[in-house]
Amino acid sequence: MHEHRLIERTLNLIDAQCVWMEKEKCINAVAIDTIVDCIRTYADRTHHGKEEGILFRDLQKKSLSDEHARITRELIEEHRQARVMVGAIVKAKTAYLAGDKEALSTILTNFQNLARFYPKHIEKEDKHFFFPILDYFSKEEQDAMLREFNEFDSKMIHEKYTQVVEELERSCMSPREIQTEYQTIQNDISQKIYRCKVCGYRYDPSKGDPKGHIPPGTQFEVLPSNWVCPVCGAAKEQFIIV
């Protein structure tokens, strides 16, 4: 649930950003990009990714009660709705920067909708889902799922996005300072080396993968989903951060 707490802190930043935009009648593109990245990478790819790719997958093998089956469907649909809202924010921000000042209203509306949406979504998971559904799994199954969660987490960047949120929370920071801190974190992420668990090959973003026609400077996270280890042919999912 620590992931929920960081998401809630991000929602506070969204509220603050909405107040600022309504007052100034303009946008802070740096802050919007940073918040969107937190939602997309941390809330969606990391948190929702574990739910949909591991927990919900394993729940499909169980005979769920009608209530738990309904909640599972609702959560999946809510994940989709959140992605739509974030996509609308990105599209509207691009339109605003291209000169469409009316797009400010779309940005505000979708940010406000996200800020109202996530607390209800989180409450549903915390109070009505996560703990009750554990009863469907044996101790061995829970341990196996936890190991898979941890392996998934090793490919993601909890600590990095904690830093992003903490920096945004510094009310004294200017947009330029936020951008500098964020870029530093992103540069650190881009230098992460991934190791193949099968053969030990290390993917270095600074070198890319000449054999696979991957140019230098390509982050592991953006490699094609069908990319494989150039040494043993293992799938991308078989790599972990060194």
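**Exercise 1.** Find where Val242 sits and list what it touches.

Solution. Start with the place: Val242 is in the segment that follows β3 (239-241), a strand being a DSSP run of E with at least two residues, numbered from the N terminus. Next, look for contacts, meaning heavy atoms within 4.5 Å. Leaving out residues up to four places away in sequence, Val242 touches Ile193, Tyr194, Arg195 and Arg202.

A quick note on the model: it is predicted, so local features need pLDDT of at least 70 and side-chain atom pairs 80 or more, while totals for chains, interfaces and linings use all residues. Numbering runs from 1 along each chain as its sequence is written, and side-chain values use heavy atoms, without hydrogens and water.

**Exercise 2.** Work out how α3 and α4 are arranged.

Solution. First, take the angle: α3 (residues 66-97) and α4 (residues 103-128) pack at about 160°, their axes 9 Å apart. Axes are lines fitted to C-alpha atoms over the stretch in contact, with angles from 0 to 180 degrees between N-to-C directions. Then apply the cut-off: over 145 degrees counts as roughly antiparallel, so α3 and α4 are roughly antiparallel to each other.

**Exercise 3.** Which residues does Ile32 touch?

Solution. Skip residues up to four places away in sequence, then go through the rest: Ile32 touches Met21, Ile27, Ile89, Lys93, Ile107 and Phe111.

How values were computed. Helices (H or I, at least four residues) and strands (E, at least two) are DSSP runs, numbered from the N terminus. Angles under 35 degrees count as roughly parallel, over 145 as roughly antiparallel, 65 to 115 as roughly perpendicular and the rest as oblique.
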